[in-house]
Structure formats: C-alpha cells, structure tokens
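Here's a quick briefing to read with the structure open beside you. We'll go topic by topic, and you can follow along in the viewer.

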Amino acid sequence: MNVVEEAGAGDCYPGDRRYGFDTLAVHGAELFEPVTGAVSVPIYQSSTFRHPGLNRSTGFDYSRTANPTRRALERAVALLEGGPYGLAFATGMGAISALMKVFEPGAHFIVSEDLYGGTYRLLDGYYRRYGYRFSWVDTSDPARMEAALLPETRALFIETPSNPMMKVTDIARAAELIHRRGGLLIVDNTFLSPYYQKPLSLGADIVVHSATKYLAGHNDTLAGLIVHKRDDLEEDLQTALKSEGATLGPFDAWLALRGLKTLAIRMKRQSESAARIARWLRSHPQVEKVFYPGFEDHPQYALSQAQTSGSGGMISFYLRDPAHAPALLSGVSLILFAESLGGVESLLTYPLTQTHQAIPEAMRRAAGVDERLMRLSVGIEDPEDLIADLDQALARCVRGG
Ligand SMILES: *Cc1c(COP(=O)(O)O)cnc(C)c1O
C-alpha cells in the first residue's frame, strides 16, 4: 500500500456549515485549489505523476487510475448525489459497463423495459453472452417488479422517469423489494439529475449518470458517473474503472465540472419551460398525447411529486398522424433534430430510429415507442421561441412541404 500524501488538502469549506445544493454545484468539493488559489479546477493534463520516493505517492500515480481534475468531478457529483463514492468514466455506457463487472455469471437482473436503447444493447448484446440473465419489466408497476424476482436476482436496474415514456418507478419500494433479497438497487438518474431526484436518499445503492446530458449540460462532451454508498463495492468498482480503462480525460472532466456549476439554474429553467411547452403541446390539435410527469393526470403523478422535487426538462409526445413525423423533424428550425438530451440547446429526437433503435421491435412496441413518438429535450432558450418553432413546424406538417 502506497503512502498517500494528498496534494490538495481536502475540503476547503470554511466552518461546518452545511451548504445548499446550488452552492455545492458551483463550488464542488473544494472551494479553491489550495496551492495556487485557482478558482477553477486546473486541467491536470498529465498522464503520469512523479513518485516522491519508493512506495510513496502524491495520491496520483497514473491518470487511468486517478487524475486530480477527474477526482474533483467525482467528488463534486458524489456530494450532489449524497454518496460517499464517485467514479467518472469516458461515457455513461462506460460507467454502466464497469458496474456490470461487480457481478458473477449466473446473476439475474430486473431492468426497466422502457430504457435507454444503448443500455439494452449493452446488457442484452454483451452481458447476456457472459452468463447474465435479464428480465425486462415495467418497473412502474410494483407487482410486476416483485413477480420478476428470482433467487438469483442480484440487482434491480431502473430508469425513472423512464426513457422515453416517462413512467415513474417507486424508488423506495424498489429498494425495499431488492434489499429483502440481498440485492442492489441501481438507478440511472440521467433524466432528473440530483437537482430533482436523489435516489441514494430514497434507498438506492448505486446511481449512474450519462453526465453527457444534464450534469455537463452543454452538448459539448461525453461523460459518465457512478455514485454509490457501498463500502463493499468500492474496491471492485475502482478496479473495474482502472482495468477497463474507460476513464474520463482531464479536459472532459473539466468541461463537466464547468457545466455542473450551472446545473441548478439550468434544471430550473429547463423544467419551467418544459412544463409550459408540455401544456401547449397538449392543446395542439395535431398532438395526440403528451407524456410528462408534471401533469396532474400522469398515472404516477402523486409518486412523482413525493420522490422528486421537480419534473425535469424532458417531454415525449405522440403525433396524431405518424405520417407527419418526417415533416416535423425536418420542419423545426431553432430546435435541432438530434440525438441526446439535457443540454442548453433544445433537441428533438425520434426514438424509433435513434435512441431506441437497438431495442427489438416487439419490445419497443410494447413499451409504446412507435412511428408517432417524438422526444423533446427542452433547452434554456426563450420558451416563446421554442413554442413558435414547434407551431410553425406542426403547421408545415399539415400544409406539406
Ligand atoms: C445517453 C444515456 C446513456 C448513455 O450515456 P452516454 O454518455 O451516451 O454513453 C445512459 N442512460 C441514459 C438515460 C441516457 O440518456
């Protein structure tokens, strides 16, 4: 074991006052860099670190294992999620893949059936080959979740609200169910971020993020995070991180840290605009149905209100006429037709051929992902401009051209 002589002298917050979420998002785990006083965490663009002597370390040896800029991001996100451990990866998929390394072949998982298509592709396409088994379940229904439990079930993996149908799973109930069997609750918290939902405080063991989305928030970098509270898993996860090597580079870690500073104001704005746009869409004659957890008639509205502090910036909706889909996608001009979500720029996505293309047809249809479905990630532009853009694009669908 190396002797660690930490270069940064730990937390620099004055006194023992507990700071609010917005403050912690701006400042991270360290108020400033202690050697120079730098307010912005420096980009430690170094692959390796000089050892002070044999069996001695500054705490940093080689950047695949640990890097100070990445460490600052890991500590900041861990602080916001309320967990003791944070690990940063090159992408969200890198984080989820590393997480799967802590289980043994034969393990069974219950996974939300309505989830990010890339996660489905990774689990079904790869991990199933290595002896893992998956049950794809509508986890918004606790009875179905319970019915899917097997003696070999090691974890429940949920997205809530789900992607793209915005179904809400009861996190505390899921935790209670899986803990009775000695398993883990894993929550992909990408859609709401810790600003609106803190799964660890509701009983989850592990939170994963595509930090590419809200945490970094500017559609300019890919990143993934795991935050967890399991002392027994920390070493395994760190080993998976450094062995697989899907680690986040210092510059990307810095971009994510910079994005994180405005997480609170971005989330608030995006959520307010989304609520407004969701209401507007709902009253539009060419829109058949809008999926948004902030609607009082959303099937899990009460649960959503109880376990989150806001509804977020994501909206899905069905067009009345699926033949209008291509015209809408090419008709928006301010809103960009692109894959991804959570950034300051509003994006319109077509899950059928984009984010959920990897999911088999039957499963996709059962979940409700079809030709009619659009997914809108609301950015921080003027909401009036976004509505005007949707309005002209929807009008164009009817007119043709
Ligand atoms: C995008 C996304 C992922 C994958 O993250 P990447 O950073 O693109 O690898 C995982 N889960 C959800 C919910 C996502 O939206």
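Between which two strands does the loop with Ser340 lie? Ser340 sits in the loop between strand S12 (336–337) and strand S13 (347–349). Before going further, keep in mind that this is a predicted model.

- Ser340 isn't a glycine, yet its phi is positive, at about 115°.
- With a relative accessible area of 18%, Ser340 falls under the 20% cut-off, so it counts as buried.
- Ser193 is another non-glycine residue with a positive phi, in this case near 65°.
- You'll find Ser193 in helix H7, which covers residues 193–196.
- The relative accessibility of Ser193 is 0%, so this residue counts as buried.

- The peptide bond running from Thr160 to Pro161 is cis, and its omega is near -5°.
- A cis bond also links Asn163 to Pro164, with omega near 10°.
- Thr160 belongs to the loop between strand S6 (153–159) and helix H6 (171–180). Pro161 has its place in the loop between S6 and H6, and Pro164 lies in the loop between S6 and H6 too.
- Is Thr160 buried or exposed? Its relative accessibility is 2%, so Thr160 counts as buried.
- A polar side-chain atom of Thr160 is 2.9 Å from the backbone nitrogen of Thr169.
- Leaving out residues up to four places away in sequence, Thr160 touches Lys167, Val168, Thr169, Ile171, Val187, Asp188, Gln197 and Gln307.

**The ligand and its shell**

- On the backbone side, a polar atom of Gly92 lies 2.9 Å from an oxygen atom of the ligand.
- Thr212 uses its side chain: a polar atom there is 2.7 Å from a ligand oxygen.
- For Lys213, an N or O atom in the side chain is 2.7 Å from an oxygen atom of the ligand.
- On its own the ligand has 380 Å² of accessible area, and the protein covers 92% of that.

**Helix H4**

- H4 is mostly covered, with eight of its 11 residues buried.
- Gly118 is in H4, and its relative accessibility is 5%, so Gly118 counts as buried.
- Not counting residues up to four places away in sequence, Gly118 touches Met93 and Thr355.

**Aromatic rings**

- A pair of rings is described by two values, the distance of the centres and the angle of the planes.
- The count of aromatic pairs comes to 13.
- In the pair of Tyr120 and Trp136, the ring centres are 4.7 Å apart and the planes are at 50°, so the pair is tilted.
- Tyr120 is in helix H4 (residues 117–127) and Trp136 in strand S5 (residues 133–137), so this pair ties together parts that are 16 residues apart in sequence.
- Tyr120 has 7% relative accessibility, so Tyr120 counts as buried.
- Which geometry do Tyr292 and Phe295 show? Their centres are 5.5 Å apart and their planes at 75°, so the pair is edge-to-face.
- Both Tyr292 and Phe295 are buried.

How values were computed. Residues are numbered from 1 along each chain as its sequence is written. This is a predicted model: local features need pLDDT of at least 70, side-chain atom pairs count only at pLDDT 80 or more; totals for chains, interfaces and linings use all residues. Side-chain values use heavy atoms; hydrogens and water are left out. A polar contact is a pair of N or O atoms within 3.5 Å; within protein, one must be able to donate a hydrogen and the other to accept it, and residues adjacent in sequence count only if both atoms are side-chain atoms. Accessible areas come from the Shrake-Rupley method with a 1.4 Å probe; for residues, only the protein chains shown count as cover. Helices (H or I, at least four residues) and strands (E, at least two) are DSSP runs, numbered from the N terminus. Buried means under 20% relative accessible area, exposed over 50%, partly exposed in between (1.4 Å probe, protein chains only). Contact means heavy atoms within 4.5 Å. Rings of Phe, Tyr and Trp (its six-membered ring) pair if their centres lie within 6.5 Å; planes under 30 degrees apart count as stacked, over 60 as edge-to-face and the rest as tilted.
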